[in-house]
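User: I want to learn how to read helix packing and sheet layout in a model. Can you take me through one?
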Amino acid sequence: MMLLVDINSYFATILQQENPQLRGKPVVIVKDLGRTCVIAASKEAKKLGIKTGSNVMQARQLIPNLIEVKAEFDLYLSATKKLSKLFTSLAPKVNIYSLDEAFLDVSDCQQNLYPDLVKFGKHIQTLIKQILGEWVTANVGIGPNRLLAKMAAEIAPKATVFEINANNQDAILATVEFEDVCGIGLRLASKLARMGVYHPYQIRFYALEDLEPLFGPFWSRELLKIAYGEE
């Protein structure tokens with residue numbers, strides 16, 4: 001079994017933790033002051049419609065009280081190193097997927113150490129607050145492989161633990177949007193939408209020979225794997 005730990009709005013949240021005056025406010029992170037591209041947004045800004053890649057001026061028109069803050073990459077790297085140390089103390093196999101995400105493979109120790117993975121996920125959330133601060137929250141996705149663990153983390157409400165298992169897997173695959181499926185980019189999702197396919201489960205109704213002329217041999221096989229929740 002795999003767990004995907006994803007720190008919520010990492011770049012902004014870490015700075016909000018360091019500066020309490022930023023907490024609870026719409027914050028956007030830029031590479032340097034004066035730059036026009038938002039590289040990250042706080043949870044508060046995201047709720048108001050700001051996304052990564054947004055234009056700062058347009059974002060400010062949407063949110064007049066928007067706060068623009070310069071990224072602090074040394075601070076992020078320091079926090080990631082603390083997280084890495086924590087994760088390697090909990091699981092025998094850890095893959096740091098990005099600065100704010102990590103896969104924990106507990107397949108070899110689940111039965112003896114972590115029989116209740118949801119409880120374990122909540123414990124991880126508590127430990128993260130202890131080492132990084134009370135303002136830092138994380139999603140924890142649980143699944144039988146990396147694809148489903150990441151999907152679980154993507155669709156979970158902020159600061160929660162969610163598991164995809166045999167009981168709910170097909171229902172999730174029939175309702176999840178492609179934007180929450182790792183590896184499915186906007187271009188591929190748009191092409192699928194033109195076919196009337198919006199959820200992975202729908203691909204099960206297509207044969208490989210139907211897909212190959214449209215997506216090629218590689219992506220046709222990958223899409224069919226995703227449709228059945230296979231990595």
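**Helix pairs and sheets**

Analyst: Start with a contact. Ala79, Lys82, Leu83, Leu86, Phe87 and Leu90 in helix 4 meet Phe120, Ile124, Leu127, Ile128, Ile131 and Leu132 in helix 6. Contact means heavy atoms within 4.5 Å. Helices (H or I, at least four residues) and strands (E, at least two) are DSSP runs, numbered from the N terminus. By class, this contact of helix 4 with helix 6 has 11 nonpolar, no polar and one charged residues. Ala, Val, Leu, Ile, Met, Phe, Trp, Tyr, Cys and Pro count as nonpolar, Asp, Glu, Lys and Arg as charged, and the others, Gly among them, as polar.

This is a predicted model: local features need pLDDT of at least 70, side-chain atom pairs count only at pLDDT 80 or more, and totals for chains, interfaces and linings use all residues. Residues are numbered from 1 along each chain as its sequence is written, and side-chain values use heavy atoms, with hydrogens and water left out.

User: At what angle do the axes of helix 4 and helix 6 cross?

Analyst: Two packed helices are described by the angle between their axes and the distance between the axes. Here the axes of helix 4 (residues 73–90) and helix 6 (residues 117–132) cross at roughly 145 degrees and come within 11 Å. Axes are lines fitted to C-alpha atoms, for helices over the stretch in contact, and angles run from 0 to 180 degrees between N-to-C directions.

User: How do helix 9 and helix 10 lie to each other?

Analyst: The axes of helix 9 (residues 186–194) and helix 10 (residues 208–227) come within 13 Å and cross at roughly 95 degrees. The two helices are therefore roughly perpendicular (65 to 115 degrees) to each other. Leu188, Lys191 and Leu192 of helix 9 make the contact with Leu214, Phe215, Trp219 and Leu223 of helix 10.

User: Now sheets. What is the order of the five strands in the open sheet?

Analyst: Strands of a sheet pair through backbone hydrogen bonds, either parallel or antiparallel. In this sheet the order is 5-6-1-7-8, with mixed pairing. Two strands pair if DSSP finds at least two bridges between them. Strand 5 (93–98) and strand 8 (161–163) stand at the edges with a single partner strand each, so one side of each has no neighbour in the sheet. Strand 1 (residues 2–7) pairs with strand 7 (residues 138–143) in the antiparallel sense over six bridges. Ile7 has Ala138 as its bridge partner in strand 7.

User: Which strands does helix 6 lie across?

Analyst: Helix 6 lies across strand 1, strand 6, strand 7 and strand 8, at about 30 degrees to strand 1.

Technical notes: Parallel < 35°, antiparallel > 145°, perpendicular 65-115°, else oblique.
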